[in-house]
Amino acid sequence: MTDAAANAALPLATAQAKFRLPANPLGPILAAIVAVLVLPPLYYIIKTSLYTTEFDGSFGDFTFDNYRELVASDALLRHLFNSVQFAVGSAIIAISLGAALAWTVERTDAPMRQSMLLVSIVSLGVPHVLYTSAWLLILGKSGPVNAALMASGLAASPVVNPNGMGGMILIEGMIWTPLGFLLLSSVFRTSDGSFEEAAMMCGAGVATTFRRITLGLATPALLALFLLVSIRAFEAFDIPALVGSAGGVSVLSTDIFNSIRKDIPSNFGQAGAFAIVLMIVVVALLALHRRLLRNAERFQTITGKGYRPRIVKLGAFRPVATGFMLLCVVVLLVLPIAMIVTTSLLPFYDGVSREMFGRMTTANYGLVAHRASFQSAIVNTLMMGASTATFVCLLTAGSAWLAVRKLSGGWLLDQLTTVPLIFPAIVLSVAFLQIFLNMPFPIYGTLISLVIATTVQYLPYGMRFCSAGALQIHRELEEAASSAGASRMQIFVRVILPLIMPAIATSWLFVLLLSVRAVAMPILLSGPNSQVVAVALFDLWTNGQITELAALGVLWTAFMMAIGLLFYRASRRYGLSVQ
Amino acid sequence: MVLRSGCFGVKLVVPALVAALISASAEAATVEEIANLKGPDRETVLIEGAKREGKVMLYSAMIEDQALRPIIKAFKEKYPFIDAEFWRADTRDLINKALAEARARSVNVDIVEGGGVSQGMIRAGVTQAFSLPILTSYEKDLYDPKGMWAATRLSYFGLAYNTKLVTAGDAPKTYDDLLDPKWKGRLAWAATTETGGAAMFITFIRSWMGDEKGEAWLAKLSQQKIANLSGSPREVVNKVMDGEYAMSLGIFLNHPIISAQKGAPVAPRPLEPVVGNASVMILMKAAPHPHAAMLLMDFLLSRKGQEVIRDADYLPADPGVETPKALDPIIPSKANLQRKFLSEEDIFAARTKSLEIQKKYFQN
C-alpha cells in the first residue's frame, strides 16, 4: 500500500530538480554499524594514554604522567626523528624507482614493458616479514653480498650491515616500489600527449619536454603519492621491528610495540601516549595530503575532448630501458625469492657457500607440512582474510553509494569510514587489544576479534574502490528504477549492486591480499587458537628458525601469488586505486 | 495453553537442571582443590578429570623443535586422551599474553614455563599455589615454599664465540677480558629477554661486584658497543654461528655445545663465577584444564619428563637425572667452576634498576 502511495508521488518527485529517493533505513543502519566499529578504538586509545597501568594490566588512576614522561625523556624526539628519516627515505626510493618504471612502461616503446604490471601485482603476495627476512639474509654479514665483496677482495671483513637506518629505508622503499609503480602508471597513462607535442613543436628537445611538461604535469600526483608512502612508512611496524631493533634503531611504532610486549606488565599508558603522538603526526600529514590532492585538479589535462598519451620512441635506448626494468624485477622480486627458496632447502643456515649445495634437503617442507600449528595458521589466515574482505565489502558497498549520491547518512558514512585512516596499524591494534580485554565476555584472542579489528583497518580501502565503482553509474538508472516503484533498498540490491560488482570483487581481492600479509594487527590480537601466517613467520624469525620460516614462506607465497594473479586480471579490467 | 507450555517447559528445564547439577557436582572441585589433591587416589582423580577436559595448554620459553615438541610427544604417549598443545615465546611475551588472557577472562593457558615467569604473575594475582608429591625428592631451593612455582630445568650462562673468527686461546677467560678494546663492535646479546641476555647479565654483575663497582664496570663494558638483538639468546648464538658477531654474552652455555655437535663453528666459554638460574613453571588460577595441567606438571618433573628435558639438551632440575658427558665443561659442579645462583626473587628485585642501567649505558 505504501508502495502505491510512493508510486503516486513519484512523478512529482522526478519532476523536481533534485532527485529524491523514498526514505529508507539503509543509511542509518550502516552508519550505526560503522560508528560502533570505528569510534570505540578512538575512545580507548585516548583513555589508555590517560591512565596508569595496574599490575595485572588493567586501568589504574587518571594521570598525565604518561605524557610527562614522554616529554621528559629524550627518546621521543630522537625516535620521532628516526621515524621521519625512515619515512622520507623509503618514500624517496619507492617514488623515484616507481616513477622511472611507470614512465618506461606507460610512455615508451621499450620491449617487455607490459610484464612489469604483472610482476608488481604478483609481488603483493609476498608477506612483509618474509620479504624483510630475505633481505636481511642477503645483506647479512654471512650473506651473499658480503661474501662476494670479500671474495673479490674489495673488503677484508663483512662491511654491509642491514641492521640500521640504511637497511630499514632500503627494504621499506623496495616494498613500496611496486605500489608506487602501479599508482604512478595511471598518472602517466592518463595525461594528454598534446601538451608534449606542443612543446616539441615549439622547439623543445626530448629532455626539456620531459622535464618541463611530463614531469611538470605529474608533479602534484608525485608529491601526493610521495606523501602517501611517507605516511605509510611512518606508521610501519614490521620492518622497523625486524630490521631496526637489532641495530638499536627505534621508531615510534616499535616503541608502542615494546611498551606492550617487552615491559612486565604491558605498559599500556606509555604505549597510549606514544600512539597519540604518532596519530597527531599522521593526521597532520593526511590533511596535507588532502590539500595536495585538491590542488592537483589544476593540473588535470583530460577534458571532454579525446586524448591519448604520447609514446616516446626510444630507438637505440630500447635495450637500456628493458635492462633497467629487468634489473628492477630481479632486485625487487627474483633475488629475495631465490634467497628464501635456497634457505628453505638447508638443514641450518650459516651463510651462502658452495658446500651448501651438498647439504640441501626438503626436510623443512616435511616439517612444515606436518606441523598442526602451521596448518591451522594457514586456515586461520585464509578465514581471517576472506571474512575481513567480505565484511569490508558488505559495509562499504552501500556506504559508498549513499556517499556518492549524497543520500541520507551518506556524508556521515563518508566521514566515519575514513576515521581508521588516522590509526597506524599498530595503534589500532593496541586500541582493540584494550577494547577486547575490557569486554565482559571472552573475545580476546579469538579469530572473530581479529576479523573485527582488521575490518575496521580496511574500511577506507573498501570505500575507495566502491566509491570509484559507484561514481561511474549514471543517476538515470536509479531514476528509472525509482519511477518503476522500487524502494531504495531494492534499487541498491537490484540495480547498483550488480553494476558495481566488479569494483567490489577487486576491492575484495585487494583487502584479502593486504590483510593476510600484515603482521602489526594480529601480533597483539591473535591467541594460540587464532595464529596467522604472518605472526608465525615473525615468531620463527625471532626464534631463529630461519629454515622453517623459509619453507613456510615459500608455500604461502606461492599460494598468495596465485591470488595476486587473480587480482591482476580483475584490476586490469576495473582499475586500481590505493589510499 | 498456559498449562501446555508449562508442561513443555518443565520437560525441558528439569532434565537440563538435573544434568547441570550432576555435572556441577562432578566438577565441583575448584582449581585450588585440584592443584592440592593428596592421597592414594590423586592420580585416578586427575586422570578421570583430564579425560573430561581432553586438553591442556602450555606456554613455554623452551626451544620449540629441541624441547617442546619431544616433551609434548612423550606426554601424549603417556596420556593419549589429552590433546596437549604449546605456544613458544620469550618470557616477556609469555607473561603478557597470560596476563592479557586473565584480564580478558578468556584464559587459554594452564601452565606457563620459563625463566623469570613467576614473580610478575604472582604479583598480578593470577597464579594458583599447587603441591606436587614429587617435589619431596627435589632440592629445597628448586621450589617455592608457598607452592607458587617449581623449577623445571637449570641454566648456566656465559659466552659463546665463533671458532672461525676467534681462537680458543684468544677468547676472554675472565669478565675483565671482555673490556679489551679489540672486541669493540664484535659482541652481541639478547636485549629483550628475561633469562640470559642483557638485563640478567647486568643483574649478575651488580650482585657480584656490588652496586657501585658493578655500574662502573658496566659503564666500561658499554664502550664495546654491544649489538642489542631482539630475539632469544638461542638466536644470538645462531648469529655468532653464522659469523654476524664474533661473540655473544648472556647465552645458555649448552646451546653452543649442541650446535658444535652438528658441525657449527661455535664454542662455549664459561666465565667464573658461572651464572646459574632455574627456569620455573606456574599454574594459572583460571586454568581451564586443571586436571590435565596437574598431570603435565607431574610429568615435567617426573624422571621420564626430566629425561626428555635432558635429551632436549637442557639441564634437568632433578639431580638424579644423568647429564651427557659433552655438557660437563659447562656444569660448575662437574667442571670445578665457581657458581653464582640467581633466584627468581633476586632477579625480580633487581630488575627495575638493571633495566635502568641497560637503558642508560647500552641503548644506542
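**Note on the predicted two-chain model**

1. In this predicted model, 42 residues of chain B are in contact with 32 residues of chain A, a contact being two C-beta atoms, placed from the backbone, within 7 Å. On the side of chain B that touches chain A, two or more residues each come from β2 (83-88), α5 (91-103), α6 (118-124), β7 (227-229) and α9 (233-241) of chain B. Helices (H or I, at least four residues) and strands (E, at least two) are DSSP runs, numbered from the N terminus. The largest share of this side, nine residues, is supplied by α5(B). By residue type, the side of chain B that touches chain A divides into 14 nonpolar, 14 polar and 14 charged. Here Ala, Val, Leu, Ile, Met, Phe, Trp, Tyr, Cys and Pro count as nonpolar, Asp, Glu, Lys and Arg as charged, and the others, Gly among them, as polar.

2. Residues are numbered from 1 along each chain as its sequence is written, while chains are lettered from A and ligands numbered from 1 in the order in which they are written. As the model is predicted, local features need pLDDT of at least 70 and side-chain atom pairs count only at pLDDT 80 or more, whereas totals for chains, interfaces and linings use all residues.

3. Chain A has 25 helices and two strands. Its radius of gyration is 26 Å, close to the 25 Å that the globule rule gives for 579 residues, so chain A is as compact as a globular protein of that length. That radius is taken over C-alpha atoms, and the rule is 2.2 Å times the number of residues to the power 0.38. The C-alpha trace of chain A spans about 85 × 70 × 50 Å along its principal axes. Among contacts in chain A between residues at least 6 apart in sequence, 81% join residues at least 24 apart.

4. The domain assignment of chain A gives domain 1 (30-44 + 345-349 + 362-579) and domain 2 (74-125 + 154-319); such bounds come from an automatic or database assignment. The C-alpha centres of these two domains of chain A lie 23 Å apart. Between them, 25 residues of domain 1 are in contact with 24 residues of domain 2. On the domain 1 side, α19 (425-437), α23 (520-525) and α25 (546-574) of chain A each supply at least two residues, and the largest share, nine residues, comes from α25(A). This side of domain 1 divides into 21 nonpolar, four polar and no charged residues.

5. The largest nonpolar core has 288 residues, of which V427(A), V430(A), L537(A), A98(B) and L296(B) touch the most other members. Helix α17 (residues 372-404) of chain A gives the most to this core, with 15 residues. A nonpolar core is a set of buried Ala, Val, Leu, Ile, Met, Phe, Trp, Tyr and Cys residues joined through C-beta atoms within 7 Å. A residue is buried if 20 or more other C-beta atoms lie within 10 Å of its own, exposed if 12 or fewer, and partly exposed in between.

6. In chain B, six of the six residues of strand β8 (residues 247-252) are buried, so β8(B) is largely enclosed by the rest of the structure. Strand β5 (residues 150-162) of chain B runs antiparallel to β8(B), with four bridges, whereas β6 (residues 187-190) of chain B runs parallel to β8(B), with two bridges. Pairing requires that DSSP find at least two bridges between the strands. M247(B) in β8(B) is the bridge partner of Y161(B), and L187(B) also stands opposite M247(B).
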